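Please keep the view open as you read.

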Amino acid sequence: KVYVEARLQQGAAGARQAKEAARELLSRAAAPPATPAASPAEEAAQRKAEAEEAAQRKAEKEKKAADKAKSRAAAPAAQNFFVSYKQNDTNDGATMLMYAQLKEMGHVVWLDKISNDKSTEAMVKGVTECTTFLAVLSTQYFTSWYCSLEMHTAIRLKKPIHVLFNNAKVTVQTALGWIPQDLKKLMDNELLPVHEDIQVMEPALKRIITTAAKPYSGALPDKLGAYTAKQAAAEEGGGGGGES
């Protein structure tokens, strides 16, 4: 009996050893073959290729930085624009697109719809601080008390004035007809178009930004459209020619 048990234990141990040996063989078979060591020449070539790749990445990075700096240097200096227009008079789409595009270019833009303070004080302050006054003409522009006050302020302060028209809606000849007889000096500057299509607006904005506008050269009228100079400019109301 003792002999039989001893033989059984030997058999079990042999089976375990055989199983472990088989597992080891399978593991070796599944392992990838060892990569042969690179020769000194191959190592040198690899180092050279890595150095060239790093140098190329550095050169590309430096070129991008130089191109960006060149683009910034070539871009027109940031300006401060005041946009004057009559709301709900066919120009809202073009005016809002112009505002968004000018802001994206880095310019400061005062627009009544965006301003938190729509009082006449804020409006006059905006005209006072602007470098260029942008008047987007429409049929009711000069019937608006606020638009007329804005234009009067720009003329009084001798601000450079660009007179604009929405050529998605009207021709330049129609826009010229909206200018009152006693303000014909506004035509000393070329009327520039704006548009509701971004593809057309981009070259239009380039002209607005790069074309030098002259201040109004005529006499300041006592009455300008709906605004009379004797009226109190500090009277509270909506700015930007909004709803009046």
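**Notes on the fold**

1. Let's begin with a pair of helices: H4 and H5 cross in a right-handed manner. Right-handed here says that the near helix is turned clockwise from the far one by less than a right angle, left-handed that it is turned anticlockwise. Their packing angle is about 35°, and the axes lie 9 Å apart. Axes are lines fitted to C-alpha atoms, for helices over the stretch in contact, and angles run from 0 to 180 degrees between N-to-C directions.

2. Which residues of H4 and H5 make the contact? From H4 come Thr120, Met123, Val124 and Val127, and from H5 come Trp145, Tyr146, Leu149, Glu150, Thr153 and Ala154. Contact means heavy atoms within 4.5 Å. Seven of these residues are nonpolar, two polar and one charged. In this count Ala, Val, Leu, Ile, Met, Phe, Trp, Tyr, Cys and Pro are nonpolar, Asp, Glu, Lys and Arg are charged, and the others, Gly among them, are polar.

3. A word on the basis of all this. The model is predicted, so local features need pLDDT of at least 70 and side-chain atom pairs count only at pLDDT 80 or more, while totals for chains, interfaces and linings use all residues. Residues are numbered from 1 along each chain as its sequence is written, and side-chain values use heavy atoms, leaving out hydrogens and water.

4. Now the sheet: it is open, has five strands in the order S2-S1-S3-S4-S5, and is paired in parallel. Strands pair if DSSP finds at least two bridges between them. At the edges are S2 (108–110) and S5 (192–194), each pairing on one side only. From one strand to the next, the twist averages 30°.

5. Look next at S3 (residues 132–136) and S4 (residues 161–166), parallel strands joined by four bridges. Here Val136 is opposite Leu164 of S4. Helix H4 (residues 120–129) packs on the sheet and touches S1 (80–85), S2 and S3, its direction making about 135° with that of S1. Helix H5 (residues 145–156) also packs there, touching S1, S3 and S4, at about 140° to the direction of S1.

6. Finally, the whole chain: it has seven helices and seven strands. Helices (H or I, at least four residues) and strands (E, at least two) are DSSP runs, numbered from the N terminus. Of the 244 residues, 36% are buried, meaning under 20% relative accessible area with a 1.4 Å probe, protein chains only.

Notes. Buried < 20%, exposed > 50% of the residue type's maximum accessible area, 1.4 Å probe, protein only.
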